Amino acid sequence: MKQALSLAKLAIGEVSPNPAVGALIVRKGEIVGQGYTQPPGSSHAEIVALQQAGDKARGSTLYSTLEPCCHYGRTPPCTRAIIAAGVAEVHFAMIDPNPQVNGNGKAELETNGIKVIMGELANEASVLNEAYLKFISTGIPFITAKFAVSLDGKIATRTGDSRWISGEDSRKYVHYLRYANDAIMVGVNTVIADDPSLITKCCGGRGGTAKQQPLRIIIDSKARTPSSAKIFTQPGKTLIAHGKINSETAAAYSKMNIELLELSTKRGFVDTKQLLQLLGKRNITSVLVEGGGTLLGSLFDQNQVDKVIAFISPVIIGGTRAKTPVSGRGVTNISDAYRLKRVNIERIGEDVMVTGYVKE
């Protein structure tokens, strides 16, 4: 199963809204087939492995990181192919919560005489597909809050300078995070202050063409994003989520081939709940939120963040006016503070990366 999980990781960033799955076929102690999910409309992991195994699949054991599908979508059911190939035993890490599967794949395999064992490395498999699991169950994207801070908790100096707080290794890892997510979200103040590109430059497949870049989303209630922003010159698509704006401003953005999405506003802020619902309808399963403090504060205040990735750099900035990563209303009592669960801490270059979950 560990090998199947390693294979599944090769699909991350390329197969959304489908889950990233790895599959392995073993016969008489020999690996005879292996594969991982191909881009939507192409073969699932089990099919790739079966095709590689050929006749050697008969009497074999198949390992998969997710319950094999049993319904017709863009491709035929994997269960039918497994049965037809004569596989004797199937191990999968976890049930697929997709209502069209959700135990039905397991039942079909067992009905056709195939021994089924489930649960091995289930926790690892669920982390691998955490965005898919939330999306398929709720229709809402998985939200990751990412920020880099100094040792004293600042994201910029009092003048707004923030380049670079984190080290080069951390910044390279952020490109992977962008690659792994369907969309990147920032607030308009971040665009004005930092003029970021918000593209990914890793993993070969993405990073070169517009089609392969994650969607860039700017939260800009009053449409203040300057037309000269670097974000508009990069490959890929940009969406501005805004409130009521005048026709002249809308026309100017439209000429630049920028997608505008008008949303309701509350106290001058875009309704992010409405935005996330609309993104879900567009099959956006995961969003990496890169700041700033106003946007992250709003998302935390509304309990919309699922995961936090914080890079802590060994520098001291100081200053009462220096910015912090999360503003918003915040909590009144420490007992009400968000305490991350399943926390992981690791070293990346000179920085420390802290990862944890807001929700179980």
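This is a predicted model: local features need pLDDT of at least 70, side-chain atom pairs count only at pLDDT 80 or more; totals for chains, interfaces and linings use all residues.
I started with threonine 190, which counts as buried because its relative accessibility is 13% (buried is under 20% relative accessible area, exposed over 50%, partly exposed in between, with a 1.4 Å probe and protein chains only). Residues are numbered from 1 along each chain as its sequence is written, and side-chain values use heavy atoms, with hydrogens and water left out.

**Threonine 190**

I placed threonine 190 in helix H8, residues 188-194 (helices are DSSP runs of H or I with at least four residues, strands are runs of E with at least two, and both are numbered from the N terminus). Next I looked up what its side chain reaches: the backbone nitrogen of glycine 292, at 2.9 Å. Leaving out residues up to four places away in sequence, I found threonine 190 touching Asp195, Pro196, Gly291 and Gly292 (contact means heavy atoms within 4.5 Å).

**Salt bridges**

How many salt bridges does a search of the whole structure find? I got nine (a salt bridge is a side-chain nitrogen of Lys or Arg within 4 Å of a carboxyl oxygen of Asp or Glu).

Then I checked lysine 172 and glutamate 168, a salt bridge with the closest N and O atoms 3.7 Å apart. They are four residues apart in helix H7 (residues 168-180), so about one helical turn separates them. I have both lysine 172 and glutamate 168 down as exposed.

My next pair was glutamate 262 and lysine 244, where the closest N and O atoms of the salt bridge are 3.2 Å apart. Here too, distant parts of the chain are linked, 18 residues apart: glutamate 262 is in strand S10 (residues 259-262), and lysine 244 is in the loop between strand S9 (238-242) and helix H9 (247-255). Glutamate 262 counts as partly exposed because its relative accessibility is 43%, whereas lysine 244 is exposed, with a relative accessible area of 73%.

Notes:
A polar contact is a pair of N or O atoms within 3.5 Å; within protein, one must be able to donate a hydrogen and the other to accept it, and residues adjacent in sequence count only if both atoms are side-chain atoms.
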